[in-house]
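Biologist: Can you walk me through this one? I have the sequence and the fold open side by side.

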Amino acid sequence: MRRYGKHTDEDDVRVRPNRKGNRPRTSIRPKHEDAAEGMVLTVDRGRLTCLVDNRTVMAMKARELGRKAAVVGDRVSLVGDLSGRKDTLARIVRIEERASVLRRTADDDDPYERVVVANADQLAIVTALADPEPRPRLIDRCLVAAYDGGLEPLLVLTKSDLAPASTLLDLYGALDIPYVVTSREELYAGEAANVVREHLDGRITAFVGHSGVGKTTLVNALVPEERRRTTGHVNAVTGRGRHTTTSALALPLADAGGWVIDTPGVRSFGLHHVDPSRVIHAFPDLEPGTGQCPRACSHDEPDCALDEWVAQGHADPARLYSLRRLLATRERREGD
């Protein structure tokens with residue numbers, strides 16, 4: 001085998017020819033300093049509709065992003081054809097750091113985490129008071145996901161003409177969650193939208209709810225120019241509605257200056273990804289009392305310092321009960 005010394009002549013070096021005739025690969029990636037900023041409005045089979053300078057642009061994710069996926073609400077940087085014309089395609093080269101993330105898993109045993117929405121300020125949990133019956137455990141799970149992801153919750157209770165809202169509101173009174181109560185007449189006449197709109201001004205709000213509760217009907221009333229198909233049917237046996245929204249979609253609120261993100265109806269909300277220790281951050285009146293808790297305290301055990309904290313009058317006992325009910329959601333099924 002030939003060995004080369006220190007002073008090898010260039011002509012003596014053997015170079016493997018590039019059969020494809022293209023440039024050799026390099027690990028140096030372009031910085032894309034001239035990339036335009038945009039917001040992801042919806043995702044459909046690998047194609048992302050983005051808002052760039054008040055026009056919609058179709059884009060795909062750059063290979064250099066690897067397995068990192070962009071979701072509705074993400075702030076992204078794009079290059080390529082940004083004209084928004086038909087049959088043009090831009091490329092997403094960066095996904096900016098997220099201010100908040102709404103996540104869920106298929107169930108509590110599923111380790112695969114699904115990011116539903118990014119950068120939302122608020123989570124509107126839409127629940128019917130009857131037809132279908134309210135599911136407090138599902139509401140609890142949505143609340144845990146909101147607190148864990150950095151979103152502020154809002155309860156939207158529909159169909160108040162079929163059942164009173166007082167029972168459900170009493171259950172969440174200690175959490176001080178803002179709420180809106182509407183009837184079917186207000187919902188279908190569009191009057192409910194005016195009441196809800198007061199809570200949406202200048203904010204990005206993700207709407208989540210069980211199928212058949214009137215979520216998409218409410219979104220259509222809020223953004224009438226972008227009507228989505230609604231469900232008017234609830235199965236009399238199962239009490240479940242049919243999914244009509246199949247993908248998340250961000251819609252602008254012209255008058256309120258905010259955004260509404262409509263998400264598909266949910267029948268389960270897994271919390272495998274949630275670290276229970278983070279839920280306490282949503283209870284600022286209780287959090288200081290955890291300083292004397294045993295290491296790795298679950299806040300629902302005999303030695304928990306929160307019992308003494310509440311007994312000393314630092315917080316309402318109902319608040320501690322609410323915290324422990326939310327922390328127990330991973331051990332309970334939504335229908336229990």
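Modeller: One term to start with. Buried means under 20% relative accessible area, exposed means over 50%, and partly exposed is in between. Keep in mind that this is a predicted model.

Biologist: Good. Then is Arg91 buried, partly exposed or exposed?

Modeller: Arg91 has a relative accessible area of 34%, so it is partly exposed.

Biologist: Which residue does Arg91 form a salt bridge with?

Modeller: Glu64, with the closest N and O atoms 3.8 Å apart. The pair links distant parts of the chain. Arg91 is in strand β5, and Glu64 is in the loop between β3 and β4, 27 residues apart. Glu64 also has a relative accessible area of 34%, so partly exposed again.

Biologist: How many salt bridges are there?

Modeller: The count comes to 14. One of them joins Arg184 and Asp161, at 2.9 Å from N to O. Arg184 lies in helix α3 and Asp161 in the loop between β9 and α2, so the pair ties together parts 23 residues apart in sequence. Arg184 is partly exposed at 33%, and Asp161 is partly exposed at 41%.

Biologist: Which residues are linked in a network of salt bridges?

Modeller: Arg137, Asp140 and Arg325. Arg325 is among the buried residues of helix α7.

Biologist: Let's stay on α7. How many of its residues are buried?

Modeller: Eight of eleven, in a helix that spans residues 317–327. The buried ones include Leu320, Leu323 and Leu326. The buried residues of α7 pack against α1, α2 and α6.

Biologist: What caps the N-terminal end of α7?

Modeller: Asp316 does. One of its side-chain oxygens lies 2.9 Å from the backbone nitrogen of Ala318.

Biologist: Switching to strands. What covers the picture for β11, one face or both?

Modeller: Both faces are covered. Ile204, Ala206 and Val208 are buried on one side, and Thr205, Phe207 and Gly209 are buried on the other.

Biologist: Which strands does β11 pair with, and in which sense?

Modeller: β8 runs parallel to β11, joined by five bridges. There, Leu123 has Ala206 as its bridge partner. β13 also pairs with β11 in the parallel sense, over four bridges. In that pairing Thr205 stands opposite Val260.

Biologist: And helix α5, why call it enclosed?

Modeller: Seven of its eight residues are buried, so the helix is largely enclosed by the rest of the structure. Among them are Thr216, Leu218 and Val219.

Biologist: Where is Thr158, and what does it touch?

Modeller: Thr158 is in strand β9. It counts as buried because its relative accessibility is 0%. Leaving out residues up to four places away in sequence, Thr158 touches Val126, Thr127, Ala128, Leu129, Thr182 and Val213.

Biologist: Now the outside. Which residues form a nonpolar patch on the surface?

Modeller: Met58, Met60 and Leu89, with about 220 Å² of accessible area together. Met58 lies in strand β3. At 36% relative accessibility, Met58 counts as partly exposed.

Biologist: Last one. How far apart are Asp108 and His272?

Modeller: They are 164 residues apart in sequence and 4.6 Å apart in space, C-alpha to C-alpha. Asp108 sits in the loop between β6 and β7. Its relative accessibility is 13%, so Asp108 counts as buried.

Notes
Residues numbered from 1 in each chain as written. Predicted model: local features only at pLDDT ≥ 70, side-chain atom pairs only at ≥ 80, totals over all residues. Heavy atoms only, no water. Patch = residues over 30% accessible without salt bridge, like charges linked within 9 Å, V, L, I, M, F, W, Y side chains within 5 Å. Areas by Shrake-Rupley, 256 points an atom, 1.4 Å probe, with all protein chains shown as cover. Salt bridge = Lys/Arg side-chain N within 4 Å of Asp/Glu carboxyl O. Helix = DSSP H or I, 4+ residues; strand = E, 2+ residues; numbered from the N terminus. Buried < 20%, exposed > 50% of the residue type's maximum accessible area, 1.4 Å probe, protein only. Contact = heavy atoms within 4.5 Å. Polar contact = N/O pair within 3.5 Å; in protein donor to acceptor, adjacent residues only side chain to side chain. Pairing = 2+ DSSP bridges.
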